[in-house]
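Please look over the sequence and the structure shown below. The report that follows takes up a few local features in turn.

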Amino acid sequence: MQNNEQGFEIRPEQRQSWGSIAMVWAGGMICVPCLMVGGVLSSGGLSLWEIIVSILIGYGLICAYMICIGMQACDTGLPVSVLAESALGRQGARFIISTLIAIACIGWFGIQSATCGGAFASMLSSMLGKGAPGAVMVAVCSIVWGVIMLVTACAGFKGLKWLNYIAVPLLVIVCLYGLIAGFARNNGGAALSAYAPAQSAGVVFGVSMTVASFALGGVISADYCRFAKSRADVVKSSLVGVIPAGLFMLLMGAVMSIVTGQYDISAILASLGVPVFGLIALVLATWTTNVTNAYSGGLALSNLLGLDEKKFKITTGIAGGVGTLLAAFGLLGAFQGFLSLMSALIPPLAGVLIADYWIIRRGDKTRVIRKDGFAAAGVVAFLVGALAACITGGTFASFPALASVGFLNMPFFVGPVNGIVLSLAVYVVLAKLTKVEA
């Protein structure tokens with residue numbers, strides 16, 4: 001590896017078993033957003049078989065590029081922000097990756113703050129005997145919990161990881177309870193048997209939504225897979241860690257949504273008559289995840305703005321503050337549009353990284369070159385792939401101001417797949433034309 005800096009070499013004793021890495025991925029899949037995405041699939045009118053097929057194809061696609069990037073990281077020992085410098089250049093990697101992470105983390109922070117606020121508002125309304133909470137009450141609760149999560153992220157909370165050990169298993173128990181309650185109280189068996197939506201958004205829609213649920217995780221898999229002992233361990237940890245847990249959580253969300261007729265997980269649990277401890281579990285689960293969103297978003301903004309990492313509290317405050325405002329102004333209602341945006345913007349980055357390492361550099365870590373500035377071939381290929389994914393994946397149709405612009409909405413095949421393939425092809429062509437050093 002040329003122009004390599006010190007500090008990224010992985011020592012033998014730092015290598016982890018594939019099982020421990022798989023547990024990291026499984027833990028990341030057992031979360032509130034996955035339940036919500038499952039609800040979106042059913043609200044899109046997909047049949048149960050279409051939902052299952054969409055999940056398997058979507059996570060299969062993520063695992064495919066996740067494995068390619070993970071093996072690169074395992075070979076080189078580099079995190080994704082450094083690994084990308086070979087294809088995008090130091091500044092290109094910094095701006096593109098930091099921007100994507102910031103958008104994703106701020107968006108998820110807002111969505112989860114709104115979910116947490118909705119759950120808390122439901123608890124308060126139930127305790128006060130007032131029925132369903134009003135929009136103002138939900139907005140206020142979303143702001144309050146957004147601030148609590150933000151303060152926790154900025155100030156640090158040493159007990160948070162222990163809280164996470166409680167919240168994740170409790171969330172699984174609550175979901176299982178909610179499923180049982182749905183069948184017992186809402187005649188869920190009959191609802192499932194009678195579930196035959198008149199119009200389905202289709203498997204392509206389902207695949208795009210599934211990809212969006214873990215698109216960023218697939219790209220930043222390098223940060224964890226660089227500790228794998230071998231390429232084979234990257235494959236095993238990705239497949240075992242992502243697909244079973246993802247299938248379980250999305251199906252859980254989909255079935256509960258079918259039984260209740262809505263995909264807002266806090267509203268679902270409230271309508272199923274889940275006790276207060278269930279909504280508390282939801283609050284805890286969103287809290288532990290959202291602190292990470294605020295922190296990661298803050299670091300991404302610091303990197304994007306060229307600030308010292310010591311000032312992360314300021315940028316974390318900005319990231320969390322923006323997310324909290326989005327929550328208060330109804331970001332949860334734009335959840336599907338946000339997912340569509342994530343499924344379009346992130347996968348093309350994987351296409352560029354894969355093309356650079358596996359095609360141009362033939363999978364040889366000694367050919368990797370860390371470049372300064374912006375690498376035109378990589379940046380252009382990413383932008384072309386991202387635009388194609390947006391246009392063919394229906395991303396612009398999710399935004400009212402752009403929905404009627406014909407040339408921005410030309411559905412074709414699967415948007416994320418189109419983006420990956422096109423960014424990969426464009427990079428290979430441009431790399432040859434500009435004689436990228438290999």
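## A salt bridge within one helix

In this predicted model, the side chains of Lys236 and Asp233 meet in a salt bridge, with N and O 3.4 Å apart, where a salt bridge is a side-chain nitrogen of Lys or Arg within 4 Å of a carboxyl oxygen of Asp or Glu. Because Lys236 and Asp233 are three residues apart in helix α12 (residues 231-260), about one helical turn separates them; helices here are DSSP runs of H or I with at least four residues, numbered from the N terminus. An α-helix has 3.6 residues a turn, so residues three or four places apart point the same way.

## How the model is read

Residues are numbered from 1 along each chain as its sequence is written, and side-chain values use heavy atoms, with hydrogens and water left out. Since this is a predicted model, local features need pLDDT of at least 70 and side-chain atom pairs count only at pLDDT 80 or more, while totals for chains, interfaces and linings use all residues.

## Other salt bridges

By the rule given above, the count of salt bridges comes to eight. One of them joins Glu85 and Arg370, whose closest N and O atoms are 2.9 Å apart. Glu85 lies in helix α5 (residues 85-88) and Arg370 in the loop between α17 (347-360) and α18 (376-392), so this pair ties together parts that are 285 residues apart in sequence. Glu85 is buried, with a relative accessible area of 6%, and Arg370 is buried too, with 4%.

A further salt bridge is formed by the side chains of Asp356 and Arg361, at 3.1 Å from N to O, and both Asp356 and Arg361 are buried. Salt bridges that share partners also join Glu85, Arg90, Arg370 and Asp372 into one network.

## The second largest pocket

The second largest pocket has a volume of about 450 Å³. A pocket is defined on a 1 Å grid over the protein atoms alone, as an open set of points where a 1.4 Å probe fits, with protein on both sides within 12 Å along at least five of seven lines, and lining residues have an atom within 4 Å of a point. Grid points are joined across faces, edges and corners, and the volume is the space filled by probe spheres set on the points.

Of the 30 residues that line this pocket, Gly118, Ser122, Pro133, Ser266 and Ala267 are the closest to its centre. The helices α6 (90-128), α7 (135-155), α13 (265-271), α14 (276-305) and α15 (312-328) each supply at least two lining residues, and α6 gives the most, with six. By class, the lining has 18 nonpolar, 10 polar and two charged residues, where Ala, Val, Leu, Ile, Met, Phe, Trp, Tyr, Cys and Pro count as nonpolar, Asp, Glu, Lys and Arg as charged, and the others, Gly among them, as polar.

## Polar contacts of two buried residues

Thr152 is found in helix α7 and is buried, with a relative accessible area of 10%. The side chain of Thr152 makes a polar contact with the side chain of Trp287 at 3.4 Å. A polar contact is a pair of N or O atoms within 3.5 Å; within protein, one must be able to donate a hydrogen and the other to accept it, and residues adjacent in sequence count only if both atoms are side-chain atoms.

Ser423, in helix α20 (residues 415-433), is buried at 0% relative accessibility, and the side chain of Ser423 reaches the backbone oxygen of Ile420 at 3.0 Å.

## Positive phi angles in loops

Arg362 has a positive phi of about 55° although it is not a glycine. Arg362 lies in the loop between α17 and α18 and is exposed, at 63% relative accessibility.

Phe413, likewise not a glycine, has a positive phi of about 50°. Phe413 lies in the loop between α19 (400-403) and α20, and is exposed with a relative accessible area of 53%.

Key:
Buried < 20%, exposed > 50% of the residue type's maximum accessible area, 1.4 Å probe, protein only.
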